[in-house]
Amino acid sequence: MAAAGLLAACGGPSPSAGKVDRGTTTEHQTPATLEPKLERAIAEENEGRYATAAATFLAVVKADPKNTIAWYDLGVMAHRNGQDTQALNDYRRALGGDPKYLPALYNLAELVAPGDPKEAVALYRKVLAIDPKDAAARLNQGFALLAEGKTAEGKAALAEAIKLDPSLASRVPVADGGTASGTAT
């Protein structure tokens with residue numbers, strides 16, 4: 001997780017964290033007939049039985065191709081395994097079922113930030129349109145804006161993030177308005 005090492009450390013639903021934060025989805029609801037299978041897949045994942053969980057999640061998306069939760073969890077597991085291209089595809093499929101699904105938006109932004117800060121900024125804007133007080137998303141948006149060369153806008157986003165959550169100042173270099181020594185990585 002490149003600027004992701006820093007980005008993941010800032011908060012939000014990170015796939016490297018122990019338990020998966022699935023948030024809520026409102027656009028696409030899992031059909032009642034698939035609920036038990038989805039719940040079993042989640043339990044398998046929580047128990048660390050990733051291969052079994054992946055197979056169960058794949059069975060869910062085969063029956064329900066727009067299943068946001070199953071695609072999201074497949075993305076989380078791919079990301080944990082260093083399969084970032086697969087994770088990107090899975091997060092995008094999750095958003096196909098619910099374009100406002102915050103965990104998938106956040107993780108997708110985190111993954112694309114190092115190689116495509118412009119896309120990351122657009123994704124963080126979507127996150128912030130849904131949750132304007134998400135300090136971690138604002139912080140990460142600021143770093144992506146700086147990476148994009150938009151210094152004034154990036155510093156303003158970092159300042160807003162620190163205003164929302166003063167503890168984030170320690171993650172922002174002094175030159176960018178924070179209290180951290182050195183530079184962001």
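Helix H4 (residues 68-80) runs for 13 residues and spans 18 Å from first to last C-alpha, close to the 18 Å expected at 1.5 Å a residue. This is a predicted model, where local features need pLDDT of at least 70, side-chain atom pairs count only at pLDDT 80 or more, and totals for chains, interfaces and linings use all residues. Residues are numbered from 1 along each chain as its sequence is written, and side-chain values use heavy atoms, with hydrogens and water left out.

**Around H4**
- Twelve of the 13 residues of H4 are buried, so H4 is largely enclosed by the rest of the structure (buried means under 20% relative accessible area, with a 1.4 Å probe and protein chains only).
- Among those buried residues are Trp71, Tyr72, Asp73 and His79.
- The buried residues of H4 pack against helices H2 (35-46), H3 (50-63), H5 (84-97) and H6 (102-112).

**Glu44**
- Glu44 sits in helix H2, and it counts as buried because its relative accessibility is 5%.
- Setting aside neighbours within four places in sequence, Glu44 is in contact with Arg49, Thr52, Ala53 and Thr56 (contact means heavy atoms within 4.5 Å).

**H7 against H8**
- The axes of H7 (residues 117-130) and H8 (residues 135-147) come within 9 Å and cross at roughly 155°.
- That makes H7 roughly antiparallel to H8 (angles over 145 degrees count as such).
- On the H7 side, the contact includes Pro117, Tyr124 and Leu128, and on the H8 side it includes Ala137, Gln141 and Leu145.

Key
Axes are lines fitted to C-alpha atoms, for helices over the stretch in contact, and angles run from 0 to 180 degrees between N-to-C directions. Helices (H or I, at least four residues) and strands (E, at least two) are DSSP runs, numbered from the N terminus. Angles under 35 degrees count as roughly parallel, over 145 as roughly antiparallel, 65 to 115 as roughly perpendicular and the rest as oblique. The expected span of a helix is 1.5 Å times one less than its number of residues. Buried means under 20% relative accessible area, exposed over 50%, partly exposed in between (1.4 Å probe, protein chains only).
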